[in-house]
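User: Can you walk me through this model? I'd like the overall fold, then some detail.
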Amino acid sequence: MYTAHGKSDKNHLLQEHAPLVKRLAHQMKAKLPHSVEVDDLVQAGMIGLLDAVNRYEDNHGAQFETYAVQRIRGAMLDELRSSDWLPRSIRQNMRKIEDAMHKLQQRLGRPPLETEVAKQLKMSLDEYQDLLSDSGGHQLVYYEDFHESEDNDHFLDRYCTDQSEDPLQSLMNTGFRDAVIDAIGALPEREKILMGLYYEQEMNLKEIGAVMNVSESRVSQLHSQAIGRLRTFLREQAWTGLA
């Protein structure tokens, strides 16, 4: 017979929480470039889950799933960090897109169409959409967008799994949350629906594609474009003193 902390109990925890690893992997994959394989994230996450099972004790002071989520995400981030998943070129390309959106928004007084952004960038629509696809790892907010830092630490070192350590949490407790809500409200209807399905309904890109009747890659493009619009809006609000 095994004790409550014996092998059978550990195997039960592994089996019970394996679906959690897959769910977290798909959530993280949606924010990463296409070059990142979800299977690699799942594999890393399972190592994190095993580590959580081996380290967890009933008197740890937290529910096992809460503890496991931190370990699973940490293991996935370690895998991403070792793979250097976010090239500098991604941020440079998205900054070009955001600058084009900003100029068009100022001139047109409305969110620009994809064709208009592509023309502003002096590229074809296909080239612009390919650029959006390549920029799948772009984040809504980088901490250094709001606070200058002289450190050259990797972004993943600031991607905290514990909300109490998340520098963005302090922003969410100020006017930033309201600014994000306003920014989403200003999105074109299609992108607004997409963001609601992704962030509120927690659907993955494939599921959103089925709802919107478009391919998963097209959803990824629209998501990157929506993020670019949101960042443009938030930057403008920051300059006007909202943030």
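Analyst: Below we go through the fold, the confidence, the cores and a few local spots.

User: What does the secondary structure of the protein chain come to?
Analyst: This is a predicted model. The chain has 11 helices and 0 strands.

User: What share of the residues is buried?
Analyst: Of the 243 residues, 40% are buried. The accessible surface is about 14100 Å². Carbon and sulfur atoms account for 48% of that surface.

User: Of the contacts between residues at least 6 apart in sequence, what share joins residues at least 24 apart?
Analyst: That share is 68%.

User: Confidence next. What is the mean pLDDT of the chain?
Analyst: The mean is 76, and 70% of the residues reach 70 or more. By element, helix α5 (residues 114-120) has the highest mean, 96. Helix α7 (residues 167-172) has the lowest, 46.

User: Where does pLDDT stay under 50?
Analyst: Residues 142-172 stay under 50. The model has 43 contacts for that stretch beyond four places in sequence. Residues 1-6 are also below 50. Beyond near neighbours in sequence, residues 1-6 have 6 contacts. Where pLDDT is low, the predicted coordinates should not be read in detail.

User: OK, packing. Which residues of the largest nonpolar core touch the most other members?
Analyst: Met28, Leu41, Leu49, Phe64, Ile72, Met76 and Leu80. The core has 24 residues.

User: Now α10. Which residues of that helix are buried?
Analyst: In α10 (residues 205-212), Leu205, Ile208, Gly209 and Met212 are buried. Seen down the helix axis, the buried residues of α10 fall within an arc of 105°, so they line one face. Lys206, Ala210 and Val211 are exposed on the other side of α10.

User: Why would that spacing put residues on one face?
Analyst: An α-helix has 3.6 residues a turn, so residues three or four places apart point the same way.

User: What happens at the start of α10?
Analyst: A side-chain oxygen of Asn204 comes to within 3.1 Å of the backbone nitrogen of Lys206. Just after the helix, Asn213 has a positive phi of about 60°.

User: Switching to α6. Is glutamine 129 buried or exposed?
Analyst: Gln129 is buried, at 15% relative accessible area. Helix α6 spans residues 125-134 and holds this glutamine. Gln129 touches Glu114, Arg218 and Gln221, leaving aside residues up to four places away in sequence.

User: And serine 133, buried or exposed?
Analyst: Ser133, which also lies in helix α6, has 11% relative accessibility, so this serine counts as buried.

User: What joins the side chains of serine 133 and glutamine 221?
Analyst: A polar contact of 3.0 Å. Gln221 is also one of the residues touched by Gln129.

User: How far apart are serine 133 and serine 224 in space?
Analyst: The two serines are 7.4 Å apart, C-alpha to C-alpha. In sequence, 91 residues separate them.

Methods: Residues numbered from 1 in each chain as written. Predicted model: local features only at pLDDT ≥ 70, side-chain atom pairs only at ≥ 80, totals over all residues. Heavy atoms only, no water. Buried < 20%, exposed > 50% of the residue type's maximum accessible area, 1.4 Å probe, protein only. Helix = DSSP H or I, 4+ residues; strand = E, 2+ residues; numbered from the N terminus. Arc of directions from axis to C-beta. Polar contact = N/O pair within 3.5 Å; in protein donor to acceptor, adjacent residues only side chain to side chain. pLDDT = per-residue confidence, 0-100. Contact = heavy atoms within 4.5 Å. Areas by Shrake-Rupley, 256 points an atom, 1.4 Å probe, with all protein chains shown as cover. Core = buried A, V, L, I, M, F, W, Y, C linked by side-chain atoms within 4.5 Å.
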